[in-house]
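Hi everyone, thanks for making time for this one.

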Amino acid sequence: MVLLDERDGRYWQLNATGATVLQALLDGATPQQVAERLAAARPVTSERAAADVAALIDHLTRVGLTADAR
């Protein structure tokens, strides 16, 4: 998945996990729900999955691609 910041033309490429996380969030899942899905589907603890989801949201917010709705 590639995101385009239409304000400045910058592209942001997400790996498969990042794309899965973003799509789930866009579909209405909460960050906790996404983390639980990741932990169930991949060899990662729920704590690590939650931290990774939060890190992605924080990064997208920092670069201005989303607003933090938490």
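This is a predicted model: local features need pLDDT of at least 70, side-chain atom pairs count only at pLDDT 80 or more; totals for chains, interfaces and linings use all residues.

Let's begin with helix α2, which covers residues 31-41. Which of its residues are buried? They are Val34, Ala35 and Leu38. If you look down the axis of α2, those buried residues fall within an arc of 100 degrees, so they line one face of the helix. For anyone who likes the helix geometry behind that, an α-helix has 3.6 residues a turn, so residues three or four places apart point the same way. And what do the buried residues of α2 pack against? Their partners are α1, residues 16-26, and α3, residues 46-62.

Now let's take the helices pair by pair, with α1 and α2 to start. Their axes come within 9 Å and cross at roughly 140 degrees. Oblique is therefore the word for how α1 and α2 lie to each other, and their crossing is right-handed. On the α1 side you'll find Thr17, Val21, Ala24 and Leu25, and they meet Pro31, Val34, Arg37 and Leu38 of α2. Sorted by class, that contact of α1 with α2 has six nonpolar residues, one polar and one charged.

From α2, the residues taking part are Pro31, Val34, Ala35, Leu38 and Ala39, and they meet Ser46, Ala49, Ala50, Val53 and Ile57 in α3. The contact of α2 with α3 divides into nine nonpolar residues, one polar and no charged.

The remaining pair to show you is α1 and α3. How do these two lie? The axes come within 11 Å and cross at roughly 80 degrees, which makes α1 roughly perpendicular to α3. Gly18, Val21, Leu22 and Leu25 of α1 make this contact with Val53, Leu56, Ile57 and Leu60 of α3. By class, the residues of the contact of α1 with α3 are seven nonpolar, one polar and no charged.

Gly18 sits in helix α1, and with a relative accessible area of 9%, it is buried.

From α3, have a look at Leu60. Is Leu60 buried or exposed? At 7% relative accessibility, it counts as buried. Leaving aside neighbours within four places in sequence, Leu60 is in contact with Leu3, Leu22, Leu65 and Thr66. Leu60 and Leu25 are 35 residues apart along the chain, and their C-alpha atoms are separated by 12 Å.

Asp5 is buried, with a relative accessible area of 6%. What does Asp5 touch, leaving aside its neighbours within four places in sequence? Its contacts are Arg10, Trp12, Val63 and Leu65.

That's the tour, so over to you for questions.

Conventions
Residues are numbered from 1 along each chain as its sequence is written. Side-chain values use heavy atoms; hydrogens and water are left out. Buried means under 20% relative accessible area, exposed over 50%, partly exposed in between (1.4 Å probe, protein chains only). Helices (H or I, at least four residues) and strands (E, at least two) are DSSP runs, numbered from the N terminus. The arc is that of the directions from the helix axis to the C-beta atoms. Contact means heavy atoms within 4.5 Å. Axes are lines fitted to C-alpha atoms, for helices over the stretch in contact, and angles run from 0 to 180 degrees between N-to-C directions. Angles under 35 degrees count as roughly parallel, over 145 as roughly antiparallel, 65 to 115 as roughly perpendicular and the rest as oblique. A crossing is left-handed if the near helix is turned anticlockwise from the far one by less than a right angle, and right-handed if clockwise. Ala, Val, Leu, Ile, Met, Phe, Trp, Tyr, Cys and Pro count as nonpolar, Asp, Glu, Lys and Arg as charged, and the others, Gly among them, as polar.
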